[in-house]
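Please keep the sequence and the coordinates in view while reading.

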Amino acid sequence: MQPADTSSYTTSDLSRKSGDIIAEALRRPVTITQRNKPRLVILNIEDYQKLLKRSDTRSVGTIETMPDDLLSEFETAVEAYAREDEPSRS
């Protein structure tokens, strides 16, 4: 399913109507399909740069490299989760 503000063309259209498709992609994203399945999206550079800015910037680390305040928060959360998971003693 594609968003309402995109157009869809086939790979055959891409070879026959590339100029029109590029012109449209400058205005809004264009989906290219192959065998009725979305395969590519063509979008203008401004929209692409916006996506890059919004992309996930998290990095991977280890407990050893985690800042002390974050490690403390993490340990507290794990302990709270473990207490919730324990069967109640009645």
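Is Asn36 buried or exposed? Asn36 is exposed, because its relative accessible area is 77%, where buried means under 20% relative accessible area, exposed over 50% and partly exposed in between, with a 1.4 Å probe and protein chains only.

## Basis of the values

The model is predicted, so local features need pLDDT of at least 70 and side-chain atom pairs count only at pLDDT 80 or more, whereas totals for chains, interfaces and linings use all residues. Residues are numbered from 1 along each chain as its sequence is written, and side-chain values use heavy atoms, with hydrogens and water left out.

## The loop between E2 and E3

Asn36 is placed in the loop between E2 and E3, and this residue has a positive phi of about 65° although it is not a glycine. Helices (H or I, at least four residues) and strands (E, at least two) are DSSP runs, numbered from the N terminus.

Arg35 lies in the loop between E2 and strand E3, the latter covering residues 37-42. Arg35 is not a glycine either, yet has a positive phi of about 55°, and its relative accessibility of 73% means that Arg35 counts as exposed.

Asp13 belongs to helix H1, which spans residues 11-16, and it counts as buried because its relative accessibility is 13%. A polar atom of the Asp13 side chain lies 3.0 Å from the backbone nitrogen of Thr10. That distance falls within the limit for a polar contact, which is a pair of N or O atoms within 3.5 Å; within protein, one must be able to donate a hydrogen and the other to accept it, and residues adjacent in sequence count only if both atoms are side-chain atoms. When neighbours within four places in sequence are left aside, Asp13 is in contact with Ser18 and Ile21, contact meaning heavy atoms within 4.5 Å.

## Salt bridges

The structure holds two salt bridges, each defined as a side-chain nitrogen of Lys or Arg within 4 Å of a carboxyl oxygen of Asp or Glu. One of them joins Arg16 to Asp13, with 2.7 Å between the closest N and O atoms; both residues lie in helix H1, three residues apart, which is about one turn of the helix. In this pair Arg16 counts as exposed, because its relative accessibility is 59%, while Asp13 is buried at 13%.

Glu24 forms a salt bridge with Arg28, and here the closest N and O atoms are 2.8 Å apart. Glu24 counts as buried at 8% relative accessibility, whereas Arg28 is partly exposed, with a relative accessible area of 35%.

## Nonpolar core

Which residues make up the largest nonpolar core? Tyr9, Ile21, Ala25, Val30 and Ile32 do, five residues in all. Helix H2 (18-27) and strand E2 (30-34) each supply at least two residues of this core. A nonpolar core is a set of buried Ala, Val, Leu, Ile, Met, Phe, Trp, Tyr and Cys residues joined through side-chain atoms within 4.5 Å.

Ala25, a residue of helix H2, is buried, with a relative accessible area of 4%. Apart from neighbours within four places in sequence, Ala25 is in contact with Val30, Ile42, Leu43 and Asn44. Between Ala25 and Val41, which are 16 residues apart in sequence, the C-alpha to C-alpha distance is 8.9 Å.

Beyond four places in sequence, the contacts of Ile32 include Tyr9, Ile21, Leu40 and Ile42.

Ile45, Tyr48 and Leu52 form a nonpolar patch on the surface, with about 290 Å² of accessible area together. Patches are made of residues with over 30% relative accessible area and no salt bridge, like charges being joined within 9 Å and nonpolar side chains (Val, Leu, Ile, Met, Phe, Trp, Tyr) within 5 Å; accessible areas come from the Shrake-Rupley method with a 1.4 Å probe, and for residues only the protein chains shown count as cover.

Ile45 lies in helix H3, residues 45-54, and is partly exposed, with a relative accessible area of 47%. The C-alpha atoms of Ile45 and Thr76 are separated by 44 Å, the two residues being 31 residues apart along the chain.
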